[in-house]
Amino acid sequence: MRTAPISAVLLSLVVLTFAAAPMAAAADSSGTDFWVAFPRNIPPEETNYLLINAEAPTSGVISNASLAINVPFNVVPGTTTKVTLPLTLEISSNDLVESKGVHVTSLAPITIHGSCYRTFSSDAYLALPVDAIGTDYVLMSWGPGVGYGSELTVVATQNATTVTITPTVSAGVRNAGVPFQLVMQQGQSYLLAPAGGDGDLTGSTIVADKPISVFGGNSAGQVPTTEVDFAEHMVEQMFPVNAWGQTFTAMPLAMRSGSFFRVLASQNGTEVTYNGALAANLNAGQFSTFLST
């Protein structure tokens with residue numbers, strides 16, 4: 001059973017920048033222990049990096065034991081530490097468990113943004129520490145796109161983690177609406193994407209018996225749809241369902257004719273109002289996308 005506020009929803013800009021209610025136990029994006037990932041961008045990729053900030057001087061390590069990566073870093077308050085990481089960490093295989101999770105630890109609390117940079121196709125996400133992640137997720141993504149399209153990515157934070165995924169659309173041998181299980185070890189990663197860039201994994205459920213980090217997005221999403229001639233990498237780390245909220249305030253992007261918003265429901269009978277008017281009636285896993293001008 002999901003433990004969420006009644007009619008809890010997740011709100012996202014099309015760039016998948018989340019606005020979420022305060023988490024239980026005062027959890028936030030600052031911490032000393034993170035498991036992050038670099039879901040694939042449209043090739044050829046150029047740079048993966050982490051941007052690290054802190055309120056007090058501290059140091060830490062970025063590691064991946066399987067790939068023998070061990071990168072120390074130092075952070076000075078008021079500045080951003082940028083750490084460039086090997087492209088071998090990018091999760092490039094579909095429907096395959098790999099050892100590409102990235103572990104970040106520090107002596108004092110830090111905040112992290114992860115980014116995969118490619119000329120004309122880049123995005124960054126706010127990383128969540130292990131005390132802010134969970135075991136029960138509904139994916140926010142975007143589709144269609146070019147390249148590989150909509151993506152779902154999981155990183156295990158503990159050994160012998162059983163993960164059950166129910167995709168909303170078929171992806172290779174994984175059929176829409178049919179749950180499948182993975183057993184993952186600490187630091188292992190898994191990416192699922194529909195073939196040919198078609199389909200949208202939004203609403204897919206990911207449930208684990210131990211805390212996991214989950215990421216949603218698109219290797220190169222087109223917004224609003226294939227009507228546009230441009231595409232951009234999209235990635236965001238997911239909040240677990242018990243961190244979702246019911247009231248959101250959003251602001252438009254500068255120099256745009258409007259902003260697309262996507263609302264995702266965790267429970268049946270969720271009424272969504274926008275500026276005081278009923279905008280959608282959603283069941284669990286359903287979403288509504290609308291343009292705000």
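I began with T153, which stands opposite L191 of strand β17; I took strands (E, at least two residues) and helices (H or I, at least four) as DSSP runs, numbered from the N terminus. The model is a predicted one, in which local features need pLDDT of at least 70 and side-chain atom pairs count only at pLDDT 80 or more, while totals for chains, interfaces and linings use all residues. Residues are numbered from 1 along each chain as its sequence is written, and side-chain values use heavy atoms, with hydrogens and water left out.

**Strand β17 and its partners**

I noted that β14 (residues 150-156) and β17 run antiparallel and are joined by four bridges, where two strands pair if DSSP finds at least two bridges between them. Strand β10 (residues 96-98) is also antiparallel to β17, through three bridges, and there L96 has L191 as its bridge partner. Which way do the residues of β17 (residues 189-192) point? S189 and L191 point one way, Y190 and L192 the other, and all are buried, that is, under 20% relative accessible area, with exposed meaning over 50% and partly exposed in between (1.4 Å probe, protein chains only). In a regular strand the side chains alternate between the two faces of the sheet.

**Nonpolar cores**

I then looked up the cores, each a set of buried Ala, Val, Leu, Ile, Met, Phe, Trp, Tyr and Cys residues joined through side-chain atoms within 4.5 Å. The largest has 30 residues, and those touching the most other members are L152, V154, V163, I165, I206, I212 and V214. Two or more residues each come from β13 (134-138), β14, β15 (161-166), β16 (180-184), β17 and β18 (205-221), and β18 gives the largest share, four residues. A second, separate core of 27 residues includes I52, I62, V75 and F215.

For I212 I listed contacts (heavy atoms within 4.5 Å); leaving out residues up to four places away in sequence, I212 touches, among others, I133, Y137, V154, V163 and I206.

**Aromatic rings and charges**

I counted four aromatic pairs, using rings of Phe, Tyr and Trp (its six-membered ring) with centres within 6.5 Å, where planes under 30 degrees apart are stacked, over 60 edge-to-face and the rest tilted. Y125 and F215 are edge-to-face, because their ring centres are 5.2 Å apart and their planes are at 70°. This pair links distant parts of the chain, with Y125 in strand β12 and F215 in strand β18, 90 residues apart, and both residues are buried. Elsewhere, F261, Y274 and F290 form one aromatic cluster.

I also found K82 over the face of Y49, at 4.3 Å from the ring centre, and R174 over the face of F180, at 4.0 Å; the rule asks for NZ of Lys or CZ of Arg within 6 Å of the ring centre and within 35 degrees of the ring normal.

**Positive phi**

Most residues other than glycine have a negative phi. A68, not a glycine, has a positive phi of about 55°; A68 lies in the loop between β6 (58-64) and β7 (69-75) and counts as exposed at 72% relative accessibility. F120 has a positive phi near 75°, is placed in the loop between β11 (102-117) and β12 (123-126), and is exposed at 75% relative accessibility.

**Confidence**

The mean pLDDT (the predictor's confidence in each residue, from 0 to 100) of the chain is 88, and 89% of its residues reach 70 or more. Over residues 1-7 pLDDT stays under 50, and over residues 14-25 the pLDDT is below 50.
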